[in-house]
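I opened the model and kept notes as I went. The entries follow in the order of my look-ups.

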Amino acid sequence: MSAVDSHTRAVDSFSAYLEGELAPEAKEALEQHLATCIQCRTSLERFKLTLGGLSRLKGPAAPHSFLADVQQQINRRSRGRFFRRRWMLFGRIPFEWLSLAMIVAMLVYYIVFLQTSPTGVRPVP
Ligand SMILES: [Zn+2]
């Protein structure tokens with residue numbers, strides 16, 4: 001096994017090692033490698049520090065009004081362009097309903113056209 005491989009394997013097993021999930025042989029191999037390799041020992045220390053920093057991030061959750069406050073702030077700063085309160089049934093142009101109306105209009109036109117259409121059209125003998 002090359003030196004690079006053993007370093008890579010050592011670094012890959014840090015997480016399992018720190019959580020005590022490493023198989024005994026793998027753990028022993030890693031500890032032997034760590035005993036002789038300052039590079040991986042340093043990496044492991046950095047890994048632990050990073051984990052410590054991450055666990056400190058788990059602070060108290062955001063207050064309940066957080067989302068509403070952010071949306072209100074965006075609304076104010078955009079001068080009402082975003083997150084406007086929708087007090088109308090459709091706050092913006094109701095494209096869904098426009099297209100539905102178009103489809104209904106075309107259907108009605110088609111039905112009316114079908115019933116009045118066949119002038120001068122004869123079936124092929
Ligand atoms: Zn190493």
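This is a predicted model: local features need pLDDT of at least 70, side-chain atom pairs count only at pLDDT 80 or more; totals for chains, interfaces and linings use all residues.

**Entry: a loop residue.** I began at Phe83, which sits in the loop between helix 5 (66-77) and helix 6 (95-116). I took helices as DSSP runs (H or I, at least four residues), numbered from the N terminus. Phe83 is partly exposed, at 44% relative accessible area. My classes: buried is under 20% relative accessible area, exposed is over 50%, partly exposed is in between (1.4 Å probe, protein chains only).

**Entry: ground rules.** Residues are numbered from 1 along each chain as its sequence is written, and side-chain values use heavy atoms, with hydrogens and water left out.

**Entry: nonpolar patch.** I then looked up the patch that includes Phe83. Phe66, Val70, Ile74, Phe82 and Phe83 make a nonpolar surface patch of about 450 Å². Patch residues have over 30% relative accessible area and no salt bridge; nonpolar side chains (Val, Leu, Ile, Met, Phe, Trp, Tyr) are joined within 5 Å, like charges within 9 Å. The areas are Shrake-Rupley values with a 1.4 Å probe.

**Entry: zinc.** Which atoms coordinate the zinc ion? I found His7 (ND1), His33 (NE2), Cys37 (SG) and Cys40 (SG), at 1.8 to 2.3 Å. Donors are N, O and S atoms within 2.8 Å of the metal (3.2 Å for Na, K and Ca); water is not among the atoms, so sites may look incomplete. The four donor atoms subtend angles of 100 to 113° around the zinc ion, so the arrangement is tetrahedral (four donors, all angles between 85 and 135 degrees). The donor spacing in sequence reads H-x25-H-x3-C-x2-C. His7 lies in helix 1 (residues 3-12) and Cys37 in the loop between helix 3 (24-36) and helix 4 (38-56), so the pair ties together parts 30 residues apart in sequence. Both His7 and Cys37 are buried.

**Entry: cysteines.** Cys37 has a relative accessible area of 8%; Cys40 is buried too, at 2%. I searched for disulfides (cysteine sulfur pairs within 2.5 Å) and counted zero.

**Entry: salt bridges.** How many does the whole structure hold? My search finds one salt bridge, taken as a side-chain nitrogen of Lys or Arg within 4 Å of a carboxyl oxygen of Asp or Glu. Glu45 and Lys48 form it, at 3.7 Å, N to O. The two are three residues apart in helix 4, so about one helical turn separates them. Glu45 is partly exposed at 42%, and Lys48 is partly exposed at 38%.

Notes. Four donors count as tetrahedral if all angles lie between 85 and 135 degrees; four count as square planar and six as octahedral if opposite donors are over 155 degrees apart and all others between 65 and 115; anything else is irregular.
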